Amino acid sequence: MLFVFGKRAKQMRLNKVSELIHNSTNHQNLDSAGVSVHFQEIIDLDDGTYEAVPGSEFVISRVAFRDNTSKYYINNRASNFTEVTKKLKGKGVDLDNNRFLILQGEVEQISLMKPKAQGPHDEGFLEYLEDIIGTNKYVEKIDESSKELESLNEKRSGVVQMVKLAEKERDSLEDVKNEAEAYMLKELSLLKWQEKAAKLAHEDTSLKMVELRENVSNVEENLKNKREEIQESSKRLKEIESVHNKHLIRKEELDNDLRTCKEEFKEFERQDVKYREDLKHMKQKLKKLEDKLEKDSSKIEDVSKECENSKTLIPKLEENIPKLQKLLLDEEKVLEEMKENSKAVETEKYRSELSKVRAELEPWEKELIVHKGKLEVAHTERNLLTQKHEAANTAFKDAQKEMDNILGKTETITAAVKDKQTDLEKNKLGALEARKLEQTCIKEQEALIPLEQAAREKFAELKSVLDSEKSQGSVLKAILQAKESKQIEGIYGRMGDLGAIDAKYDVAISTACPGLDYIVVETTAAAQACVELLRREQLGIATFMILEKQLDLLERSKEKVRTPEGVPRLYDLIKVQDERIKLAFYAALGNTIVAKDLDQ
């Protein structure tokens with residue numbers, strides 16, 4: 001039954017499942033061994049018989065093979081351990097606690113239990129029975145009732161003292177006595193009501209326990225569904241991780257584009273500020289040139305007017321020059337004639353007249369010289385102002401062209417900035433969606449992490465058990481190979497394989513003799529050689545029983561021991577082919593005796 005219900009080889013006192021396969025002279029090298037358990041639902045009748053429920057029969061089988069694998073079948077249909085466990089649990093067969101099946105090791109364990117647990121975390125025979133019967137659920141309520149009883153006893157003691165005092169003063173305090181009696185009646189009524197409330201609470205708790213038991217099966221079904229969901233979630237997690245990685249790559253690209261766009265936008269802003277400052281400077285410069293142009297224009301008009309006045313005045317003065325020169329010549333001729341013909345007095349007279357005429361001409365000559373100088377200055381200023389005006393017009397046209405170029409560049413930059421801002425908004429939206437998807441993936445990943453950790457822990461536990469079994473098997477195999485090849489002398493083998501005992505003492509020997517897995521060797525040198533072999537091959541560790549170290553126990557092992565009621569010693573029940581091996585069993589067991597039951 002243990003085999004069919006999925007127990008491992010170690011739990012059936014085997015090293016490998018393949019050891020269950022029958023091997024005899026008539027039947028050698030069989031490939032498999034199988035066991036089938038037949039189930040059916042029955043209805044108990046009043047006369048002690050039962051009636052089978054039609055259609056409720058089913059058969060669970062397990063077949064073990066030579067390669068230490070096994071297969072499960074339900075009604076000859078291939079199945080697995082999970083489905084078999086679910087099927088049996090659905091029919092009320094509790095495989096976790098095995099209350100329907102008491103193993104030999106548990107009999108010994110139960111017989112050695114203390115009558116009652118010594119502490120809150122211990123388990124005694126009473127707690128074990130209550131767990132089987134199901135009355136352990138009332139332990140907490142009994143404790144609560146005991147505490148309540150103690151509190152009520154304390155109240156009662158106080159009330160008794162009050163009654164005693166009341167009896168002393170009963171004659172003088174009859175009213176107080178009556179009041180105390182009424183109080184006691186009310187307390188009694190209160191206790192009765194509390195008792196009824198406790199009963200109702202107990203009934204409610206019982207109903208809740210029934211509901212909880214019904215929910216257990218639902219929870220087990222949900223557990224299977226959740227495991228399937230975990231597998232689906234794992235696949236989905238891998239898909240989401242791949243999508244998440246793609247989005248991370250896309251996010252990095254968008255972040256790089258965003259940084260590039262920000263840098264370009266900053267550069268555009270710097271260029272825009274520069275062009276705006278240049279435009280402002282050019283406008284100021286243009287305004288200054290326009291103001292200067294207006295001033296120069298007004299000056300040119302003034303100078304032009306003065307020049308025109310001078311031009312109109314010059315011809316008049318030039319017209320007067322020949323007349324005055326002719327007059328001067330005439331006067332000079334007259335003067336010469338007067339010098340030649342006249343006398344000194346007359347000469348003086350004409351000289352005075354001549355000086356008068358020269359004095360009269362001198363202002364006109366000065367005015368002519370001044371007007372000529374002004375005319376030349378006006379011509380020079382007009383030429384300079386014309387050159388300045390032409391230079392200002394050229395600079396004004398260049399400034400207008402440069403301003404048009406700056407305006408064109410500004411419009412181009414503004415359009416490019418708008419395009420970049422649009423791209424930036426699109427990239428921000430894409431990054432926001434990627435962040436939302438990333439948050440969703442992170443939440444799903446966080447939800448799946450506990451499930452993954454639980455699965456990894458279970459896998460690690462199973463792997464460690466499997467590795468330990470493999471390691472122990474490989475250690476024994478290597479040592480036996482060294483024995484067969486005579487590489488190491490003095491090896492007998494595993495202690496449990498070197499002796500035999502009646503089947504009913506199997507549990508006793510496995511409980512009392514922890515050294516069944518010890519390797520028995522003759523000498524210390526053999527044990528050291530085995531240890532060196534295991535260390536060299538890195539196969540693991542083993543414990544050795546050295547016979548030459550146990551020689552001092554030889555005499556004691558041969559002594560006859562009288563036991564109470566004639567119960568046997570385990571040592572005497574063991575049968576060996578080589579008598580020298582019995583010394584190893586005595587070293588491990590000593591004078592351990594086997595009792596029939598706990599009372600004995």
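User: Which helix holds both Arg270 and Glu267, and how many residues apart are they?

Analyst: Both lie in helix α5, 3 residues apart, which is about one turn of the helix. Helices here are DSSP runs of H or I with at least four residues, strands are runs of E with at least two, and both are numbered from the N terminus. The model is predicted: local features need pLDDT of at least 70, side-chain atom pairs count only at pLDDT 80 or more, and totals for chains, interfaces and linings use all residues. Residues are numbered from 1 along each chain as its sequence is written, and side-chain values use heavy atoms, with hydrogens and water left out.

User: What do Arg270 and Glu267 form, and how far apart are the closest N and O atoms?

Analyst: Side chains of opposite charge can pair when their charged atoms come close. The criterion for a salt bridge is a side-chain nitrogen of Lys or Arg within 4 Å of a carboxyl oxygen of Asp or Glu. Arg270 and Glu267 form one, with the closest N and O atoms 2.4 Å apart. Glu267 is partly exposed, with a relative accessible area of 34%. The classes are buried under 20% relative accessible area, exposed over 50%, and partly exposed in between, with a 1.4 Å probe and protein chains only.

User: How many salt bridges does a search of the whole structure find?

Analyst: The search finds 14. Among them is the pair Glu83 and Arg77, whose closest N and O atoms are 2.9 Å apart. Glu83 is partly exposed at 29% relative accessible area, and Arg77 is also partly exposed, at 42%. Another bridge joins the side chains of Arg494 and Asp497 at 2.8 Å, N to O. In that pair Arg494 counts as buried at 16% relative accessibility, whereas Asp497 counts as exposed at 52%. Shared partners join Arg494, Asp497 and Asp517 into one network of salt bridges.

User: How many residues does the largest nonpolar core have, and which have the most contacts inside it?

Analyst: In soluble globular proteins, nonpolar side chains tend to be buried together. A nonpolar core is defined as a set of buried Ala, Val, Leu, Ile, Met, Phe, Trp, Tyr and Cys residues joined through side-chain atoms within 4.5 Å. The largest one here has 22 residues, and Met495, Ile509, Val520 and Phe585 have the most contacts inside it. Two or more residues of this core come from each of α7 (506-512), α10 (570-573) and α11 (580-589). The largest share, 6 residues, is from α11.

User: Which residues form a nonpolar patch on the surface?

Analyst: Patches are made of residues with over 30% relative accessible area and no salt bridge; nonpolar side chains (Val, Leu, Ile, Met, Phe, Trp, Tyr) are joined within 5 Å, and like charges within 9 Å. Accessible areas come from the Shrake-Rupley method with a 1.4 Å probe, and for residues only the protein chains shown count as cover. Phe125, Leu129, Ile132 and Ile133 form the nonpolar patch, with about 350 Å² of accessible area together. Ile133 lies in helix α3 (residues 125-133) and counts as exposed at 62% relative accessibility.

User: Which residues form the positive surface patch, and which the negative one?

Analyst: Lys and Arg count as positive and Asp and Glu as negative, while His and the chain ends are not counted. A charge is placed at NZ of Lys, CZ of Arg, CG of Asp or CD of Glu. The positive patch consists of Lys292, Lys295, Lys299 and Lys388, and α5 gives the largest share, 3 residues. Lys295 is found in helix α5 and is exposed, with a relative accessible area of 57%. The negative patch consists of Glu140, Asp143, Glu144 and Glu148. Asp143 belongs to helix α4 (residues 139-168) and is partly exposed at 42% relative accessible area.

User: What is the phi of Asn75, and where does Asn75 lie?

Analyst: Most residues other than glycine have a negative phi, and most peptide bonds are trans. Asn75 is not a glycine, yet has a positive phi of about 55 degrees. Asn75 lies in the loop between β5 (70-74) and β6 (77-79) and counts as partly exposed at 43% relative accessibility. Gln538 also has a positive phi, near 55 degrees. Gln538 sits in the loop between α8 (524-537) and β10 (544-546) and is exposed at 71% relative accessible area.
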